[in-house]
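Dear colleague,

I am passing on the structure below and would be glad if you could read the notes under it with the model open.

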Amino acid sequence: ADSGGDDAVADYFGLGKGSAKLYCRRVIEALRSLKKEYLAWPNDQARSEMKQRIKVQYGFQNCVGIIDGTLIFLQHRPRRY
């Protein structure tokens, strides 16, 4: 995360900026260590099927995926919105 992001995390959680930077770095490294096990880019056929399904359901063209808070729980909205 850049220092602006770290500052926002520090302010939000009431942490020192150095601690926030360290924790953000640890989370990023943890996610990177799990990517081969849990993250995969869909093949051509799967992408084509996803794009078609999303276009029909939501009207978004050439969209491969959506995060809306139903599959990944978004507990808090960002402060600035």
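The notes below go from the overall fold to single residues.

This is a predicted model, in which local features need pLDDT of at least 70 and side-chain atom pairs count only at pLDDT 80 or more, while totals for chains, interfaces and linings use all residues. Residues are numbered from 1 along each chain as its sequence is written, and side-chain values use heavy atoms, with hydrogens and water left out.

The chain has three helices and zero strands, taken as DSSP runs numbered from the N terminus (helices H or I, at least four residues; strands E, at least two). Among contacts (heavy atoms within 4.5 Å) between residues at least 6 apart in sequence, 11% join residues at least 24 apart. Buried residues, meaning those under 20% relative accessible area with a 1.4 Å probe and protein chains only, make up 9% of the 81 residues.

Helix H2 (residues 17-38) has 22 residues and should span 32 Å, which agrees with the 30 Å between its end C-alpha atoms; the expected span is 1.5 Å times one less than the number of residues. H2 bends by about 25 degrees at Arg32, the bend being the angle between axes fitted to the seven residues ending there and the seven starting there.

Cys24 is buried at 16% relative accessible area, and Cys63 is buried at 17%. The count of disulfides (cysteine sulfur atoms within 2.5 Å) comes to zero.

In the segment after helix H3 (44-58) lies Asn62, which is not a glycine and yet has a positive phi of about 55 degrees. Most residues other than glycine have a negative phi. Asn62 counts as exposed (over 50%), at 63% relative accessibility.
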